Amino acid sequence: MESSSTHFTDIRSSETDSKIEECVNNAYPLRMLMPAMNIGSTDDEGESILEPYVGLAFDSADGAREFYTLYAARTGFKVRIGQLYRSRTDGTVSARRFVCSKEGFQTSTRTGCAALIRVQRRDSGKWVIDLFLKNHNHDLGPTEGNHSLILQQKILTAKPVEVFHRPKNKLIEEVEDERPCPSGVITAKRSKPNGDEMQCEVEPSAGLGFNSANEAYQFYHAYAENTGFRIRIGQLFRSKLDGSITSRRFVCSREGFQHPSRVGCGAFMRIKRQESGRWVVDRLEKHHNHVLESRQEVQKKNLSASKKFIEEENGGLDDEDIVDINNGNLVKRRRENHIGSDWYTVLFDYFQTKQAEDTGFFYAVEVDNGSCMSIFWADGRSRFSCSQFGDAIIFDTSYRKGIYLVPFATFIGINHNRQPVLLGCALIADESEMSFTWLFQTWLSAMSGRRPLSIIADQDNAIQEAIIQVFPGTHHRFSMWQIKAKECEHLSSVHSSFHFEYGKCINQCQTSDEFGTAWNSLLCRYGLKDNTWLKAMYEKRQCWVPLYLRATFFAGIPLNGNIESFFGTRVNAQTPLMEFVPRYEKGLERRREEELKENFNCSILNAYLQTKEPVEEQCRRLYTLNIFRIFQKELLQSYSYLGFKIYDEVDIVRYLVRKCGNGDDDKSTVTIRVSNHNVGCSCQMFEFEGVLCRHVLRVFQILEIKEVPSRYILRRWRKNAEYGLPPYSESGGRPQEVNASMVWSLREEAWKYIEAGATSLEKHKLAYEILHEGRLKLGCPPR
């Protein structure tokens with residue numbers, strides 16, 4: 001191998017050298033590659049063994065993957081993308097694993113091979129190999145020479161090919177006197193040694209650029225027709241910022257198992273949208289697991305329907321954007337499904353078992369054109385919890401943070417002990433508005449039709465539109481992990497002093513006018529008026545800026561903190577199918593044991609009183625331990641505040657309450673109606689958290705109000721919140737909601753009664769007698 005000073009080389013076999021008339025000579029960047037120490041001459045001049053080693057650096061994770069793929073092809077195995085690791089501070093990917101295709105045991109072809117490389121991102125931005133396991137536990141396959149790998153990248157198109165990954169590579173600048181065929185792919189010619197002409201096979205390659213996703217589809221369609229297979233739209237990936245499509249997969253028509261004709265073929269081409277607006281092939285698999293057809297057979301099938309893409313304004317493709325044109329009529333094609341077909345059988349078996357055990361168990365399946373799509377389920381306990389604690393929910397789709405095996409999402413509530421409670425689970429077939437709309441409607445049906453006051457969910461156009469449609473009036477708050485990740489991505493190059501002022505602007509402004517002025521001043525001062533991400537975030541400020549969130553009840557879920565996954569690491573986006581149900585059951589059991597433990601503590605333990613105020617004793621008697629601690633902290637803090645009457649007319653009195661000392665930052669305005677003690681504070685802690693703030697408690701002390709009015713001690717925070725009916729039933733809820741709440745409340749108690757009564761024959765006899773007596777008191781006729 002001859003290496004130039006620019007770290008690029010032309011790698012050709014002797015066969016390649018003999019064909020000087022080749023249409024193109026490709027080059028491969030070797031700035032990332034390190035020849036092994038035992039390199040020597042080979043039969044094919046210019047070839048050598050390229051081997052990874054710990055400390056080898058790359059410009060990107062994709063560069064490491066390409067290198068390991070090249071090494072694998074020369075060694076005799078294939079590569080898959082393995083586990084990723086994320087930073088705990090900002091959620092960005094900090095390390096990646098690329099593994100042998102036979103790693104794991106999920107399919108019969110895998111042998112648990114341990115061969116891999118792991119690359120870690122350094123502060124410099126480079127990706128460095130920090131782990132290399134070379135040995136395989138299976139026989140290696142046939143190897144490919146350098147030339148066979150490099151020459152896969154020979155693509156002839158009607159215009160120059162732009163290769164973003166390899167800016168110094170030799171590109172195809174022009175095609176001599178050849179006219180493009182209707183598909184947009186050139187039929188290029190080269191000379192055989194005997195002078196006859198032959199056609200060059202048109203093949204895709206990593207790095208190939210297109211002006212649009214439609215152009216990429218047309219290219220892959222033509223390539224498939226020449227090769228002997230048909231294609232379909234595959235998986236899409238959306239931006240976490242605005243929901244626009246950032247990458248697309250085009251797959252062999254026999255990918256998956258949803259139809260008898262499909263055999264799980266893994267051939268595909270993935271394109272990724274660049275900042276310039278162009279689309280580049282970044283992943284490619286050419287191998288098929290079935291017999292290919294002749295070009296004539298494929299053409300005959302393709303003639304039955306012309307394929308067309310509907311382009312979005314951003315140059316992407318939507319979920320239903322491929323259509324058939326039959327006699328001028330547009331016919332929608334089947335949507336993509338991210339759920340493996342084998343998941344349905346396993347989960348349906350589990351659901352049927354649960355329904356036999358739990359009469360309140362609910363599940364539903366979305367069906368599209370006869371195919372199963374998204375799945376939702378919730379057990380009786382989750383449905384009862386929602387009747388009590390469904391006012392503020394979290395829709396957790398953290399599986400979208402990286403590559404996932406299972407699109408597992410959860411609905412989470414906050415109970416009276418400030419613990420997370422499960423309100424339902426789902427597998428999401430595709431991240432379209434249609435999927436999320438169906439899911440939210442199904443959740444609403446399972447939970448008696450009562451909409452939440454607030455929901456925390458990702459900043460995604462499809463989710464936002466589904467929330468507007470299904471939960472009108474519900475305040476949507478963006479997930480903080482997503483905002484933090486985008487801040488690192490879009491603001492990392494801004495001067496460090498900006499971040500302090502940015503945080504101050506977001507967290508300390510008290511009015512919308514004050515925030516607008518501070519925001520515009522900040523952007524002008526740092527020259528960020530044209531920053532597209534900041535513009536978009538300002539338009540959506542009601543969904544993430546604390547000023548606009550405080551007036552809505554969020555059960556005190558912190559504004560600036562990340563929300564822990566309900567199942568932790570026990571169940572996540574990488575959980576394999578056969579382990580999913582057991583892990584799910586264990587994770588749910590652990591959480592519910594924690595709930596029971598906290599309920600027990602509340603029933604036998606009392607917090608220490610730290611004042612002689614009657615309100616403290618009142619709240620200790622009513623609140624759970626965790627909520628009382630919050631109230632007690634506010635009560636103790638209230639003694640360090642001063643209250644000044646600034647308005648008094650008829651029944652309305654207004655106080656300015658500020659902290660003792662010279663500081664003027666911590667002050668609020670409290671307004672109270674003296675006749676009925678209706679009170680409000682500008683800090684809006686009660687509206688956001690459901691517990692009175694220190695400012696209101698200070699005014700109560702000034703006015704000698706000895707007890708907190710009952711309306712300010714929310715039922716959902718009381719020790720007995722799980723018993724009886726939820727608060728909205730007492731204040732005149734809809735008959736359907738009240739009836740459902742009565743059913744869930746009685747059913748929950750009945751299950752506990754049955755469990756206790758079935759522990760022995762004596763208790764069973766006693767339980768039966770009590771039931772008989774109760775039935776007579778309710779006026780139920782004897783059986």
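## Aromatic pairs

A search of the whole structure finds 49 aromatic pairs. Rings of Phe, Tyr and Trp (its six-membered ring) pair if their centres lie within 6.5 Å; planes under 30 degrees apart count as stacked, over 60 as edge-to-face and the rest as tilted. The model is predicted: local features need pLDDT of at least 70, side-chain atom pairs count only at pLDDT 80 or more, and totals for chains, interfaces and linings use all residues. Residues are numbered from 1 along each chain as its sequence is written, and side-chain values use heavy atoms, with hydrogens and water left out.

The search for pairs includes Phe376 and Phe411. Their ring centres are 6.1 Å apart and their planes stand at 80°, so the pair is edge-to-face. Phe376 belongs to strand 19 (residues 371-378) and Phe411 to strand 21 (residues 408-414), so the pair links parts of the chain 35 residues apart. Helices (H or I, at least four residues) and strands (E, at least two) are DSSP runs, numbered from the N terminus. Phe376 is buried at 0% relative accessibility, and Phe411 is buried at 0% as well. Buried means under 20% relative accessible area, exposed over 50%, and partly exposed in between (1.4 Å probe, protein chains only).

Trp377 and Phe408 form a stacked pair, with 6.2 Å from centre to centre and 25° between the planes. Trp377 lies in strand 19 and Phe408 in strand 21, 31 residues apart. Trp377 is buried at 1% relative accessibility, and Phe408 is buried at 8%.

## Salt bridges

The count of salt bridges comes to 23. A salt bridge is a side-chain nitrogen of Lys or Arg within 4 Å of a carboxyl oxygen of Asp or Glu.

Asp391 forms one with Arg716, the closest N and O atoms being 2.8 Å apart. Asp391 is in the loop between helix 7 (380-389) and strand 20 (392-396), and Arg716 is in the loop between helix 19 (694-702) and helix 20 (727-730), so the bridge ties together parts that are 325 residues apart in sequence. Arg716 counts as buried, at 3% relative accessibility. Another salt bridge joins Arg673 and Asp651, at 3.6 Å from N to O. Glu564, Arg590, Arg591 and Glu594 are linked in a network of salt bridges.

## Charges over rings

The charged end of Arg591 also sits over the ring of Phe566, 5.1 Å from its centre. The charged end of Arg249 sits over the ring of Phe268, 4.1 Å from its centre. A charge sits over a ring if NZ of Lys or CZ of Arg is within 6 Å of the ring centre and within 35 degrees of the ring normal.

## Helix 11

Which residues of helix 11 are buried? They are Phe498, Tyr502, Cys505 and Ile506. Seen down the helix axis, these buried residues fall within an arc of 90°, so they line one face of helix 11; the arc is that of the directions from the helix axis to the C-beta atoms. On the other side of helix 11, Ser496 and Phe500 are exposed.

Glu501 lies in helix 11 and Arg525 in helix 12, so the pair ties together parts that are 24 residues apart in sequence. Glu501 is partly exposed at 25% relative accessibility, and Arg525 is partly exposed at 49%.
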